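Please read this note with the model open beside it.

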Amino acid sequence: MKNVLTSTSLVRVVLTAIIWGMASTVVSAADEVNVYSARKSALIEPLLEKFTEKTGIDVNLVTGKDDALIKRLQVEGKASPADILITVDAGRLHRAKAAGLLQSVDSSILNSAVPANLRDVDKQWFGISMRARPIFYVKGKVDPKDLSTYENLVDAKWKGRVCIRSSSNIYNQSLVGSMIEANGQAAAASWAKGFVKNFARSPAGGDTDQLRAAAAGVCDIAIANTYYFGRLIKSAKAEDNAVAAKLAIFWPNQNDRGTHVNVSGIGVTKAAKNKSNATKLMEFLVSAESQAWYAKVNNEYPVVSGGAVDPVLASWGEFTKDNVALSKLGINNRAAVELMDKAKWK
Ligand code: FE
(Lines give C-alpha, C1' and ligand atoms only; values in the text may rest on other atoms or scores of the structure.)
Protein backbone atom coordinates (compact mmCIF):
# COMPACT_ATOMS: atom_id res chain seq x y z
CA MET A 1 0.00 0.00 0.00
CA LYS A 2 2.81 2.27 0.97
CA ASN A 3 4.58 1.56 -2.32
CA VAL A 4 1.48 2.29 -4.34
CA LEU A 5 1.08 5.57 -2.55
CA THR A 6 4.71 6.42 -3.08
CA SER A 7 4.59 5.70 -6.78
CA THR A 8 1.35 7.62 -7.12
CA SER A 9 2.99 10.54 -5.36
CA LEU A 10 5.99 10.18 -7.61
CA VAL A 11 3.83 10.26 -10.72
CA ARG A 12 2.11 13.30 -9.32
CA VAL A 13 5.45 15.02 -8.67
CA VAL A 14 6.70 14.25 -12.17
CA LEU A 15 3.45 15.41 -13.71
CA THR A 16 3.53 18.56 -11.63
CA ALA A 17 7.11 19.14 -12.72
CA ILE A 18 6.14 18.72 -16.37
CA ILE A 19 3.17 21.07 -15.98
CA TRP A 20 5.36 23.59 -14.13
CA GLY A 21 7.99 23.25 -16.83
CA MET A 22 5.41 23.97 -19.50
CA ALA A 23 3.99 26.78 -17.45
CA SER A 24 7.35 28.41 -16.95
CA THR A 25 8.05 28.16 -20.70
CA VAL A 26 4.74 29.86 -21.38
CA VAL A 27 5.34 32.36 -18.59
CA SER A 28 8.75 33.49 -19.78
CA ALA A 29 7.45 33.83 -23.32
CA ALA A 30 4.48 35.94 -22.21
CA ASP A 31 4.63 39.69 -21.86
CA GLU A 32 4.30 39.99 -18.13
CA VAL A 33 5.63 41.33 -14.88
CA ASN A 34 5.43 39.74 -11.44
CA VAL A 35 4.79 41.98 -8.46
CA TYR A 36 5.24 41.27 -4.75
CA SER A 37 3.27 43.92 -2.92
CA ALA A 38 2.97 44.70 0.77
CA ARG A 39 0.01 46.89 -0.09
CA LYS A 40 -3.41 45.31 -0.08
CA SER A 41 -4.61 44.38 -3.55
CA ALA A 42 -7.53 46.85 -3.53
CA LEU A 43 -4.97 49.66 -3.05
CA ILE A 44 -2.97 48.74 -6.14
CA GLU A 45 -4.86 46.28 -8.38
CA PRO A 46 -7.02 48.76 -10.36
CA LEU A 47 -3.85 50.63 -11.28
CA LEU A 48 -2.14 47.44 -12.42
CA GLU A 49 -5.18 46.61 -14.56
CA LYS A 50 -4.93 50.00 -16.18
CA PHE A 51 -1.26 49.33 -16.90
CA THR A 52 -2.16 46.04 -18.63
CA GLU A 53 -4.85 47.79 -20.67
CA LYS A 54 -2.38 50.40 -21.80
CA THR A 55 0.66 48.22 -22.52
CA GLY A 56 -0.60 44.67 -23.03
CA ILE A 57 1.78 43.55 -20.27
CA ASP A 58 0.10 41.18 -17.81
CA VAL A 59 0.70 41.81 -14.13
CA ASN A 60 0.73 38.92 -11.65
CA LEU A 61 0.21 40.23 -8.16
CA VAL A 62 1.24 38.53 -4.92
CA THR A 63 0.37 40.42 -1.76
CA GLY A 64 1.78 39.79 1.70
CA LYS A 65 3.09 41.36 4.88
CA ASP A 66 6.05 43.75 4.43
CA ASP A 67 8.75 41.82 6.25
CA ALA A 68 7.37 38.44 5.14
CA LEU A 69 7.74 39.45 1.47
CA ILE A 70 11.36 40.46 2.03
CA LYS A 71 11.98 37.14 3.78
CA ARG A 72 10.33 35.34 0.87
CA LEU A 73 12.57 37.10 -1.66
CA GLN A 74 15.58 36.08 0.44
CA VAL A 75 14.51 32.44 0.58
CA GLU A 76 13.67 32.29 -3.13
CA GLY A 77 16.95 33.92 -4.15
CA LYS A 78 17.70 33.87 -7.88
CA ALA A 79 14.75 31.54 -8.46
CA SER A 80 12.26 34.16 -7.26
CA PRO A 81 9.52 34.83 -9.80
CA ALA A 82 9.23 38.40 -8.50
CA ASP A 83 10.31 41.27 -10.74
CA ILE A 84 9.11 44.04 -8.48
CA LEU A 85 8.81 44.68 -4.76
CA ILE A 86 6.34 47.26 -3.48
CA THR A 87 6.55 48.03 0.21
CA VAL A 88 6.36 50.87 2.71
CA ASP A 89 8.95 52.97 4.51
CA ALA A 90 12.38 53.93 3.24
CA GLY A 91 13.87 52.03 6.19
CA ARG A 92 12.33 48.82 4.91
CA LEU A 93 13.20 49.53 1.28
CA HIS A 94 16.77 50.05 2.45
CA ARG A 95 16.59 46.70 4.25
CA ALA A 96 15.68 45.00 0.96
CA LYS A 97 18.54 46.78 -0.78
CA ALA A 98 21.03 45.91 1.99
CA ALA A 99 19.97 42.26 1.72
CA GLY A 100 20.97 42.35 -1.97
CA LEU A 101 17.40 41.84 -3.17
CA LEU A 102 17.12 44.86 -5.46
CA GLN A 103 18.94 46.23 -8.50
CA SER A 104 19.53 49.69 -9.94
CA VAL A 105 17.14 51.08 -12.53
CA ASP A 106 18.29 53.91 -14.71
CA SER A 107 15.25 55.63 -16.13
CA SER A 108 15.12 59.29 -17.07
CA ILE A 109 11.36 59.23 -16.41
CA LEU A 110 11.81 57.98 -12.84
CA ASN A 111 14.76 60.28 -12.21
CA SER A 112 12.85 63.36 -13.21
CA ALA A 113 9.49 62.39 -11.66
CA VAL A 114 10.69 61.26 -8.23
CA PRO A 115 12.55 63.93 -6.21
CA ALA A 116 16.13 62.87 -5.39
CA ASN A 117 15.51 62.72 -1.62
CA LEU A 118 12.59 60.32 -2.13
CA ARG A 119 14.62 57.68 -3.97
CA ASP A 120 17.63 55.54 -3.25
CA VAL A 121 21.06 57.06 -4.00
CA ASP A 122 21.87 53.97 -6.09
CA LYS A 123 18.44 54.02 -7.77
CA GLN A 124 17.49 50.64 -6.29
CA TRP A 125 14.16 51.95 -5.00
CA PHE A 126 11.88 54.89 -5.74
CA GLY A 127 9.15 56.48 -3.64
CA ILE A 128 5.70 56.24 -5.22
CA SER A 129 3.63 57.93 -2.50
CA MET A 130 4.44 60.09 0.47
CA ARG A 131 3.16 60.23 4.04
CA ALA A 132 4.06 62.52 6.93
CA ARG A 133 4.43 61.60 10.60
CA PRO A 134 3.25 64.71 12.44
CA ILE A 135 1.95 65.33 15.94
CA PHE A 136 -1.79 64.92 16.58
CA TYR A 137 -3.28 66.75 19.54
CA VAL A 138 -6.61 66.67 21.33
CA LYS A 139 -8.48 69.86 20.55
CA GLY A 140 -9.35 71.84 23.64
CA LYS A 141 -6.78 69.99 25.76
CA VAL A 142 -3.64 71.16 24.00
CA ASP A 143 -2.93 74.69 22.85
CA PRO A 144 -1.10 74.25 19.55
CA LYS A 145 0.98 77.28 20.55
CA ASP A 146 2.65 74.97 23.11
CA LEU A 147 3.82 72.66 20.34
CA SER A 148 6.85 73.33 18.19
CA THR A 149 9.24 70.49 17.35
CA TYR A 150 9.75 66.76 17.86
CA GLU A 151 12.73 67.80 19.99
CA ASN A 152 10.46 69.84 22.27
CA LEU A 153 8.38 66.77 23.16
CA VAL A 154 10.91 66.02 25.93
CA ASP A 155 9.69 69.11 27.79
CA ALA A 156 8.31 68.40 31.29
CA LYS A 157 4.95 69.92 30.25
CA TRP A 158 4.26 66.77 28.19
CA LYS A 159 4.88 64.36 31.06
CA GLY A 160 2.41 61.45 30.90
CA ARG A 161 0.67 62.96 27.88
CA VAL A 162 2.23 61.28 24.83
CA CYS A 163 1.02 58.18 22.94
CA ILE A 164 3.26 56.51 20.38
CA ARG A 165 3.67 52.92 19.21
CA SER A 166 6.57 50.57 19.89
CA SER A 167 10.16 51.19 18.81
CA SER A 168 10.05 47.86 16.97
CA ASN A 169 8.00 49.66 14.32
CA ILE A 170 9.86 50.88 11.25
CA TYR A 171 8.02 54.26 11.19
CA ASN A 172 9.46 55.20 14.57
CA GLN A 173 12.88 53.84 13.64
CA SER A 174 12.88 56.05 10.55
CA LEU A 175 11.68 59.08 12.54
CA VAL A 176 14.56 58.59 14.98
CA GLY A 177 16.87 57.97 12.01
CA SER A 178 15.90 61.43 10.73
CA MET A 179 16.70 62.93 14.14
CA ILE A 180 20.12 61.26 14.15
CA GLU A 181 20.72 62.83 10.74
CA ALA A 182 19.60 66.27 11.92
CA ASN A 183 21.05 66.42 15.43
CA GLY A 184 23.67 63.69 15.72
CA GLN A 185 23.55 60.37 17.53
CA ALA A 186 24.30 61.66 21.04
CA ALA A 187 21.55 64.29 20.90
CA ALA A 188 19.07 61.81 19.46
CA ALA A 189 19.94 59.33 22.24
CA SER A 190 19.33 61.83 25.01
CA TRP A 191 16.16 63.02 23.28
CA ALA A 192 14.80 59.45 23.20
CA LYS A 193 15.45 59.06 26.93
CA GLY A 194 13.53 62.23 27.74
CA PHE A 195 10.76 61.45 25.25
CA VAL A 196 10.08 57.99 26.75
CA LYS A 197 9.68 59.61 30.17
CA ASN A 198 6.73 61.59 28.80
CA PHE A 199 4.81 58.54 27.54
CA ALA A 200 1.27 58.23 28.88
CA ARG A 201 1.51 54.43 28.73
CA SER A 202 3.76 51.62 27.61
CA PRO A 203 3.59 51.55 23.79
CA ALA A 204 0.84 49.28 22.48
CA GLY A 205 -0.94 48.88 19.17
CA GLY A 206 -0.49 50.58 15.82
CA ASP A 207 -0.77 54.22 14.75
CA THR A 208 -4.58 54.20 14.67
CA ASP A 209 -4.59 52.89 18.25
CA GLN A 210 -2.57 55.94 19.33
CA LEU A 211 -5.14 58.25 17.71
CA ARG A 212 -7.99 56.35 19.36
CA ALA A 213 -6.21 56.49 22.73
CA ALA A 214 -5.81 60.26 22.46
CA ALA A 215 -9.48 60.71 21.58
CA ALA A 216 -10.41 58.45 24.51
CA GLY A 217 -8.46 60.59 26.97
CA VAL A 218 -5.47 58.26 27.53
CA CYS A 219 -3.08 60.94 26.24
CA ASP A 220 -3.21 64.45 24.81
CA ILE A 221 -0.73 63.98 21.99
CA ALA A 222 -0.20 61.12 19.54
CA ILE A 223 2.32 60.52 16.78
CA ALA A 224 0.97 58.76 13.70
CA ASN A 225 1.25 58.68 9.94
CA THR A 226 -1.12 61.00 8.14
CA TYR A 227 -3.02 58.34 6.16
CA TYR A 228 -4.34 56.77 9.37
CA PHE A 229 -5.99 60.08 10.21
CA GLY A 230 -7.34 60.31 6.65
CA ARG A 231 -8.86 56.82 7.00
CA LEU A 232 -10.64 57.76 10.23
CA ILE A 233 -12.03 60.91 8.64
CA LYS A 234 -13.28 59.03 5.56
CA SER A 235 -14.43 55.92 7.45
CA ALA A 236 -18.06 54.84 7.07
CA LYS A 237 -18.15 54.21 10.83
CA ALA A 238 -19.41 57.10 12.92
CA GLU A 239 -17.14 56.13 15.84
CA ASP A 240 -14.08 56.56 13.61
CA ASN A 241 -15.30 59.97 12.46
CA ALA A 242 -15.81 60.90 16.12
CA VAL A 243 -12.19 59.97 16.94
CA ALA A 244 -10.92 62.13 14.08
CA ALA A 245 -13.19 65.02 15.09
CA LYS A 246 -11.48 65.26 18.48
CA LEU A 247 -8.02 65.60 16.96
CA ALA A 248 -6.03 68.09 14.94
CA ILE A 249 -2.68 67.92 13.16
CA PHE A 250 0.31 69.92 14.24
CA TRP A 251 3.16 70.05 11.73
CA PRO A 252 6.36 70.06 13.80
CA ASN A 253 9.70 71.68 12.97
CA GLN A 254 8.24 74.27 10.60
CA ASN A 255 10.93 76.77 11.50
CA ASP A 256 13.81 74.42 10.86
CA ARG A 257 14.15 71.17 8.85
CA GLY A 258 10.41 70.43 8.53
CA THR A 259 8.07 67.58 9.44
CA HIS A 260 9.29 64.01 9.00
CA VAL A 261 8.01 62.38 5.81
CA ASN A 262 8.47 58.91 4.40
CA VAL A 263 7.34 56.95 1.36
CA SER A 264 5.83 53.79 0.06
CA GLY A 265 8.18 52.65 -2.64
CA ILE A 266 9.06 50.26 -5.38
CA GLY A 267 12.16 48.51 -6.64
CA VAL A 268 13.15 45.94 -9.26
CA THR A 269 14.33 42.69 -7.73
CA LYS A 270 17.79 41.33 -8.39
CA ALA A 271 16.12 38.10 -9.57
CA ALA A 272 13.90 39.92 -12.10
CA LYS A 273 13.40 38.09 -15.41
CA ASN A 274 11.27 40.91 -16.82
CA LYS A 275 13.31 44.01 -15.97
CA SER A 276 12.18 46.01 -18.97
CA ASN A 277 8.49 45.41 -18.19
CA ALA A 278 9.17 46.14 -14.52
CA THR A 279 10.74 49.47 -15.44
CA LYS A 280 7.75 50.31 -17.63
CA LEU A 281 5.42 49.60 -14.71
CA MET A 282 7.44 51.82 -12.38
CA GLU A 283 7.36 54.61 -14.96
CA PHE A 284 3.61 54.15 -15.29
CA LEU A 285 3.18 54.48 -11.51
CA VAL A 286 4.81 57.92 -11.48
CA SER A 287 2.65 59.29 -14.30
CA ALA A 288 0.39 62.16 -13.21
CA GLU A 289 -2.75 60.03 -13.58
CA SER A 290 -1.41 57.07 -11.57
CA GLN A 291 -0.03 59.35 -8.89
CA ALA A 292 -3.36 61.08 -8.36
CA TRP A 293 -5.25 57.76 -8.09
CA TYR A 294 -2.68 55.96 -5.94
CA ALA A 295 -2.25 58.84 -3.51
CA LYS A 296 -6.02 59.25 -3.19
CA VAL A 297 -6.93 55.61 -2.43
CA ASN A 298 -4.07 55.36 0.06
CA ASN A 299 -4.79 58.75 1.69
CA GLU A 300 -1.24 59.76 0.85
CA TYR A 301 0.53 62.59 -0.96
CA PRO A 302 1.85 62.10 -4.50
CA VAL A 303 5.65 62.08 -4.82
CA VAL A 304 5.67 63.98 -8.11
CA SER A 305 5.80 67.72 -7.69
CA GLY A 306 2.51 69.45 -8.40
CA GLY A 307 0.63 66.13 -8.20
CA ALA A 308 -3.06 66.29 -7.31
CA VAL A 309 -3.65 66.21 -3.53
CA ASP A 310 -6.84 64.70 -2.14
CA PRO A 311 -9.18 67.42 -0.74
CA VAL A 312 -9.11 65.93 2.79
CA LEU A 313 -5.31 66.01 2.85
CA ALA A 314 -5.31 69.46 1.27
CA SER A 315 -7.56 70.67 4.12
CA TRP A 316 -4.74 69.94 6.59
CA GLY A 317 -2.77 72.71 4.95
CA GLU A 318 0.64 72.93 3.36
CA PHE A 319 3.69 72.22 5.46
CA THR A 320 7.45 72.25 5.24
CA LYS A 321 8.79 68.72 4.82
CA ASP A 322 12.08 67.40 6.07
CA ASN A 323 14.01 66.99 2.82
CA VAL A 324 16.60 64.61 4.24
CA ALA A 325 17.59 61.95 1.72
CA LEU A 326 15.44 59.00 2.80
CA SER A 327 18.36 56.64 2.07
CA LYS A 328 19.92 58.06 5.24
CA LEU A 329 17.09 56.69 7.36
CA GLY A 330 17.98 53.16 6.34
CA ILE A 331 21.66 53.82 6.95
CA ASN A 332 20.84 55.21 10.43
CA ASN A 333 18.39 52.39 11.24
CA ARG A 334 20.71 50.27 13.36
CA ALA A 335 21.84 53.26 15.44
CA ALA A 336 18.21 54.33 15.84
CA VAL A 337 17.14 50.90 17.09
CA GLU A 338 20.05 50.78 19.53
CA LEU A 339 19.40 54.18 21.05
CA MET A 340 15.67 53.49 21.37
CA ASP A 341 16.49 50.25 23.19
CA LYS A 342 18.83 52.10 25.52
CA ALA A 343 16.09 54.65 26.19
CA LYS A 344 13.82 51.69 27.13
CA TRP A 345 11.37 52.66 24.42
CA LYS A 346 9.42 49.41 24.41
FE1 FE B 1 1.08 51.98 7.95
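**Notes on the model**

1. D207 counts as buried, because its relative accessibility is 1% (buried means under 20% relative accessible area, exposed over 50%, partly exposed in between, with a 1.4 Å probe and protein chains only). R133 is buried too, at 1% relative accessibility. R133 and D207 form a salt bridge, with the closest N and O atoms 2.6 Å apart (a salt bridge is a side-chain nitrogen of Lys or Arg within 4 Å of a carboxyl oxygen of Asp or Glu). The pair links distant parts of the chain, 74 residues apart: R133 is in the loop between β5 (126-132) and β6 (135-138), and D207 is in helix α8 (residues 207-215). Helices (H or I, at least four residues) and strands (E, at least two) are DSSP runs, numbered from the N terminus.

2. The model is predicted: local features need pLDDT of at least 70, side-chain atom pairs count only at pLDDT 80 or more, and totals for chains, interfaces and linings use all residues. Residues are numbered from 1 along each chain as its sequence is written, and side-chain values use heavy atoms, with hydrogens and water left out.

3. A salt bridge also joins the side chains of R212 and D240, at 2.9 Å from N to O. R212 belongs to helix α8 and D240 to helix α10 (residues 238-245), 28 residues apart. Are these two residues buried or partly exposed? R212 is partly exposed, with a relative accessible area of 34%, whereas D240 is buried at 8%.

4. D322 and R257 form another salt bridge, their closest N and O atoms being 3.6 Å apart. D322 lies in the loop between α13 (311-314) and α14 (327-331) and R257 in the loop between β9 (247-250) and β10 (261-269), so the pair ties together parts that are 65 residues apart in sequence. D322 is buried at 6% relative accessibility, and R257 is buried at 17%. Elsewhere, salt bridges that share partners join D66, D67, R92 and R95 into one network. The count of salt bridges comes to 19.

5. Which residues of helix α3 (residues 66-76) are buried? They are D66, L69, I70 and L73. Seen down the axis of α3, these residues fall within an arc of 100 degrees, so they line one face of the helix (the arc is that of the directions from the helix axis to the C-beta atoms). An α-helix has 3.6 residues a turn, so residues three or four places apart point the same way. The buried residues of α3 pack against β1 (32-37), β3 (84-88), α4 (90-98) and β10, where contact means heavy atoms within 4.5 Å. The face turned away from the buried side carries the exposed residues K71 and V75. Just after α3, G77 has a positive phi of about 55 degrees.

6. β7 and β8 (residues 221-223) run parallel and are joined by two bridges. V162 stands opposite I221 in β8.

7. For the whole picture, the protein chain has 15 helices and 11 strands. Buried residues make up 52% of its 346 residues. Along its principal axes, the C-alpha trace spans about 75 × 50 × 45 Å.

Key: Pairing = 2+ DSSP bridges.
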